Amino acid sequence: DSASLVEVLFHLGEIVTATQSANDETLLLLGEELNYNVEIISPEDEDRELLESFDLEFGEHEGDDKDLAPRPPVVTVMGHVDHGKTKLLDALRNANVVDKEAGGITQSIGAYQVATEVDGTERRITLIDTPGHEAFTAMRARGAQATDIVILVVAADDGVMPQTIEALNHAKAAGVPIVVAVNKVDKPGADPIKARGQLTEYGLQPEEYGGDTMFVDVSAKAGTGLNELLEAVVLTADASLDLRANPDQNAEGLVIEAHLDRGRGPVATILVHRGTLKVGDSIVAGPAFGRVRALLDEHGENIEEATPSRPALVLGLTAVPGAGDNFMVVADDRLARQIAEKREARERNALLAQRSGRRTLEDFMSSLEKGETDELLLILKGDGSGSVEALEDALAQIDVGEGVALRVIDRGVGAITETNVMLAAASNAVIIGFNVRPQGKATELADREGVEIRYYSIIYNAIEEIEASLKGLLKPEF
Ligand code: GDP
């Protein structure tokens, strides 16, 4: 039981409480102590297995060298607050964005491509439009490497600040090369030499002093040094990265951001890593799927396809995927749907497991299926005392099976309150709301505590569902 587990863990040097969820290390330790073989499966492994069950694989395929073509570097801008990240992204967008129609306005879709000439050749660069390291770290936490190079912005009038170091450390931890943009050199108090000296102390040696990091003086405000900065990005990529991908395969990549658009439904900005994404492709993106109805670039223009490192807005998904979710093109819609459904089921299960074993009608059903006998506890809330009584009477009429009990532990008139939720949580009860809604933070609390609330406006429906769950017949609600 939980008390002896707490004791075992205490002897292992872990101080825990009975309701706390254990971390991976603790579980491994505990397994060892109790002679169980504990295997921790990461979400990435789990997803790999899921795809394998469909004979699919996400990730760098062993392609022939001849199949690989150069792709633009993907760049994230990081640095201390107010050092000019946003201004720099705006300046680069205005000055260097590719394929810009005369007078066309660039839309913010989460990423855009710019071009610059290096040694007489046009070179492209993809810039992730969300400055700061939060997005970068969040994606990395999900196992996604969205960035090839980091532009670290340091304001020359302010010098190295805490978030400068934080960003630097994130880039280093990810093994991503850094190009330093020494910004605001137009300002009277600017001291770009000092910024260089400060960063040297943190291991970023300027190339001009014999190190291997390129520093470029820029002014996002005056628009100076922008081409030099982009050139430094290209040169750094050429020097330290082998950025190539096979454009002739089913497209794969990453969701950078996604939201629900009123008119267009779910829209997702994706970044193609490999292959070429085309209009009409069947894709699966995290737990969302669909057929690509349209692809839009950062000018809001329709494009037919997106090649490696190309960001594009995808229309046609059935749901909104998460930032950092992988996407891939699969053979047909059916397959895309199957994968998406499996992922969704997995996410739902993980969520349920998180809710520390609280009671739902489905749990009740499954324990009945396993032949366990049980008691279903209910809290009734209704819009009037008449309806609550009618509901309770009807519940009393239900012909419960052998060894099964139905008990109403509390009843009342009015909205579902936090107190109702707390009682349900403490006693593992399900709340039935009849023509009433939750009040204040009751829903939030129920979500956090894993308390199930079911709403009905017709007594018959309530009775039917509760009866079905008592007989182990309730259909799971998706
Ligand atoms: P972020 O927090 O890093 O995104 O910084 P912002 O881009 O919002 O810039 C912070 C402030 O610095 C704003 O008032 C900008 O106008 C200003 N700023 C940014 N770049 C420059 C620059 O090159 N020169 C000058 N003088 N001001 C700048």
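Visitor: What makes L88 a neighbour of residues such as I151 and L229?

Guide: Contact here means heavy atoms within 4.5 Å. In this predicted model, L88 touches I151, V153, A181, V218, A220, L226 and L229, leaving aside residues up to four places away in sequence.

Visitor: Why is the set of residues around L88 called a nonpolar core?

Guide: The name calls for buried residues of nonpolar kinds, joined through side-chain atoms within 4.5 Å. The largest such core has 28 residues, and L88 is among those with the most contacts inside it, along with I125, L127, I151 and L229. Elements giving two or more residues to this core include α4 (85-96), β5 (149-155) and α8 (226-240). The largest share, 7 residues, comes from α8. A second, separate core of 20 residues includes M78, L168, V176 and L204.

Visitor: How do you know that β2 and β5 are paired?

Guide: Pairing needs at least two bridges between the strands. β2 and β5 are joined by 5 bridges, so they count as a pair, and they run parallel. M78, for instance, has L152 in β5 as its bridge partner.

Visitor: What makes β3 and β7 edge strands?

Guide: The open sheet has 6 strands in the order β3-β4-β2-β5-β6-β7, with mixed pairing. β3 and β7 each have a single partner strand, so one side of each lacks a neighbour in the sheet. From one strand to the next, the twist averages 30°.

Visitor: Which strands does α8 touch where it packs on the sheet?

Guide: α8 touches β2, β3, β4, β5, β6 and β7, and its direction makes about 90° with that of β3.

Key
Residues are numbered from 1 along each chain as its sequence is written. This is a predicted model: local features need pLDDT of at least 70, side-chain atom pairs count only at pLDDT 80 or more; totals for chains, interfaces and linings use all residues. Side-chain values use heavy atoms; hydrogens and water are left out. Buried means under 20% relative accessible area, exposed over 50%, partly exposed in between (1.4 Å probe, protein chains only). Helices (H or I, at least four residues) and strands (E, at least two) are DSSP runs, numbered from the N terminus. Axes are lines fitted to C-alpha atoms, for helices over the stretch in contact, and angles run from 0 to 180 degrees between N-to-C directions.
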